[in-house]
Amino acid sequence: MKVNEPMKVVLFCGGYGMRMRGGSDDIVPKPMQLVGPRPLLWHVMRYYAHYGHKEFVLCLGYGAEHIKNFFLTYQESASNDFVIRNGAVELLGSDISDWSITFVDTGVESAIGERLRRVREHLDGDEHFLANYADVLTDAPLDTMIERFHASGAAASMMVVPPQSSFHCVDISPTGEVKDIVPVAQMPLWENGGYFVLSQEIFDLLPPGGDLVADACGALAGQGRLFGYQHMGFWKPADTFKERAELDDAYRNGTRPWMVWDRG
């Protein structure tokens, strides 16, 4: 397979997203929370489409109807310039006209690994494919990420990023004497960034109801066959209201490093 050949993109967008919801009355799923005029899911998909990967498989669950309706009633004019001439709208650009999107119900309660198992048939046996949690934005160079994965000879790759926590780690003796205080961000640690390049081999390591990271990636790591792409640039999750609000504020202020498709 050529490094720059388009791959299918599996997006996990069926979880409850409890940390994002404002209560039982808030039924909008996390991937549909807005950053600017468009939901998180759209930003993630535009990122992949920018690099030529425009075939998407959406793993639906909680709030599936919101995601389906968004695309069934998609309004290009919300993010593209247009002209109204003689009463007709003429778009000057398009977001999704050349995308292919497969919508699959993978269960409300399913773990990530089980969601992936349930869409395997929609990958058409492709040797490699991409996967994402659909709630994390980045400016990572996807072409480079894929290239280094292939060069590594690994069976799977995950993007890893420095710890994002603002907390401090404390080195303390058994008697209670504090030896050192170090910000978590300065620790020699990396965390899962949520951007994956996977091979079909991943399915051999996914038990029914299993987890992609804990089960499959964990097994590959034990075999020395999991590659970690280290990204030091922009990366921000939207797990909570605060994080989503920060992304929305950044968008409205014009600070949009994840929007690689908008660069001149």
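Predicted model: local features only at pLDDT ≥ 70, side-chain atom pairs only at ≥ 80, totals over all residues.
Good morning. I begin with Lys242, which forms a salt bridge with Glu246, the closest N and O atoms being 2.5 Å apart.

Lys242 and Glu246 both belong to helix H6, which covers residues 241-252. Because the two are four residues apart in that helix, about one helical turn separates them.

Asp248 pairs with Arg244, and here the closest N and O atoms are 3.7 Å apart. These residues are again about one helical turn from each other, because they stand four residues apart in helix H6. Are the partners in this bridge buried or exposed? Asp248 is buried, with a relative accessible area of 11%, and Arg244 counts as buried at 17% relative accessibility. Since the cut-off for buried is under 20% relative accessible area, the value of 17% places Arg244 in that class.

Asp248 also takes part in a salt bridge with Arg252, with a distance of 3.1 Å from N to O. Arg252 and Asp248 both lie in helix H6, four residues apart, or about one turn of the helix. Arg252 counts as exposed, at 55% relative accessibility. Elsewhere, salt bridges that share partners join Lys8, Glu55, Asp124 and Asp126 into one network. How many salt bridges does the structure hold? The count is 17.

I turn now to the aromatic residues. The structure holds 14 aromatic pairs. One of them is formed by Phe12 and Tyr133, with 6.4 Å from centre to centre and 45 degrees between the planes, a tilted arrangement. This pair links distant parts of the chain, as its two residues are 121 residues apart. Phe12 sits in strand S1, residues 8-13, whereas Tyr133 is in the loop between strand S8 (128-132) and strand S9 (136-138). Phe12 is buried, with a relative accessible area of 4%; Tyr133 is partly exposed, with a relative accessible area of 22%.

A second pair joins Phe70 and Tyr74. Why is this pair edge-to-face? The planes of the two rings stand at 90 degrees, with the centres 5.4 Å apart, so the pair falls into the edge-to-face class. Phe70 is buried, with a relative accessible area of 16%, and Tyr74 counts as buried at 15% relative accessibility.

Two other ring arrangements deserve mention. Ring pairs link Tyr47, Tyr48, Tyr51 and Tyr195 into a cluster.

Where is Thr106 found? Thr106 lies in the loop between strand S7 (100-105) and helix H3 (112-118). At 0% relative accessibility, Thr106 counts as buried. Leaving aside residues up to four places away in sequence, Thr106 touches Cys59, Leu60, Arg115, Arg118 and Val119.

Key. Residues numbered from 1 in each chain as written. Heavy atoms only, no water. Buried < 20%, exposed > 50% of the residue type's maximum accessible area, 1.4 Å probe, protein only. Contact = heavy atoms within 4.5 Å. Salt bridge = Lys/Arg side-chain N within 4 Å of Asp/Glu carboxyl O. Phe/Tyr/Trp six-rings, centres within 6.5 Å; stacked < 30°, edge-to-face > 60°.
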